[in-house]
Amino acid sequence: ITFAMTSSTTLSLGVETIITYMRRWLAVVMVLVMGCLAPRRHPPTLRIQIESRFSSYEHRQFLEALPALRTLGFNPVEVQQDQTHDVVIRYWDNLDPHSKLIGLTTWDTDYVQIASARVASEPQLRAIVLHELGHWLGMNHVCLFPGERPTCSTVGYGVAIMNPEITLDHVQVYTNLDILEFRRVWGRRR
């Protein structure tokens with residue numbers, strides 16, 4: 001299937017890619033819809049699987065970060081390798097010596113990737129997993145200042161989990177700007 005992006009560019013996607021993309025978004029929408037139908041004191045469960053390739057220390061850091069998802073209206077629960085999951089946190093060997101990436105989310109998958117060997121601090125490790133899960137939920141970058149990147153969200157500027165660059169002492173909770181970005185994507189239901 002080919003989409004015309006502008007008069008001079010096109011985007012071609014295979015049918016399997018489109019189906020995978022639609023399944024992923026359907027899963028997120030179902031989590032959100034079920035949360036809207038349930039009483040407020042029972043937020044929708046987000047089942048998160050953490051790959052076993054991470055060290056026990058890294059695993060513990062992820063578990064300490066995940067409760068921040070409650071700010072977006074989710075109840076994060078770790079599930080084991082053989083259980084049904086919504087998203088997997090995968091270990092990523094980013095072997096490109098020129099790359100500065102420490103996290104990656106591909107839109108048509110049920111996982112986020114973390115290059116924990118490139119992470120330099122606990123706050124950075126916690127922030128990157130929340131940042132990538134934010135992308136998995138459809139959130140865009142929130143820039144620190146106007147013009148930082150051409151593709152940033154329109155919700156405002158300042159410190160946020162969804163900042164394009166995750167610093168060594170980065171914030172480890174979703175800020176008001178992150179919440180605004182989440183609501184921009186999913187509406188005010190959350």
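Q: In strand β7, which residue is the bridge partner of tyrosine 91?
A: Strands here are DSSP runs of E with at least two residues, while helices are runs of H or I with at least four residues, both numbered from the N terminus. In this predicted model, the partner of tyrosine 91 in β7 is isoleucine 114.

Q: What should I know about the model before reading further?
A: It is a predicted model, in which local features need pLDDT of at least 70 and side-chain atom pairs count only at pLDDT 80 or more, whereas totals for chains, interfaces and linings use all residues. Residues are numbered from 1 along each chain as its sequence is written, and side-chain values use heavy atoms, with hydrogens and water left out.

Q: Is strand β5 mostly covered or uncovered?
A: A residue is called buried under 20% relative accessible area, exposed over 50%, and partly exposed in between, using a 1.4 Å probe and protein chains only. By that reading β5 is mostly covered, since 4 of its 5 residues are buried.

Q: Which cysteines form a disulfide?
A: A disulfide is a pair of cysteine sulfur atoms within 2.5 Å, and by this rule the count comes to 1. The pair consists of cysteine 143 and cysteine 152, whose sulfur atoms lie 1.7 Å apart. Their link is right-handed, with 60 degrees about the S-S bond, and both cysteine 143 and cysteine 152 are buried.

Q: How many salt bridges does the structure hold, and which residues are linked in a network?
A: A salt bridge is a side-chain nitrogen of Lys or Arg within 4 Å of a carboxyl oxygen of Asp or Glu, and the structure holds 7 of them. Glu64, Glu122 and Arg126 are linked in a network of such bridges.

Q: Why does arginine 126 count as buried, and why does glutamate 64 count as partly exposed?
A: Arginine 126 counts as buried because its relative accessibility is 15%, whereas glutamate 64 counts as partly exposed because its value is 44%. Glutamate 122 is partly exposed as well, with a relative accessible area of 33%.

Q: Where do glutamate 181 and arginine 184 lie?
A: Both lie in helix α4 (residues 176-186), 3 residues apart, about one turn of the helix, and their side chains meet in a salt bridge of 2.7 Å, N to O. Glutamate 181 counts as buried at 0% relative accessibility, while arginine 184 counts as partly exposed at 44%.

Conventions: Two strands pair if DSSP finds at least two bridges between them.
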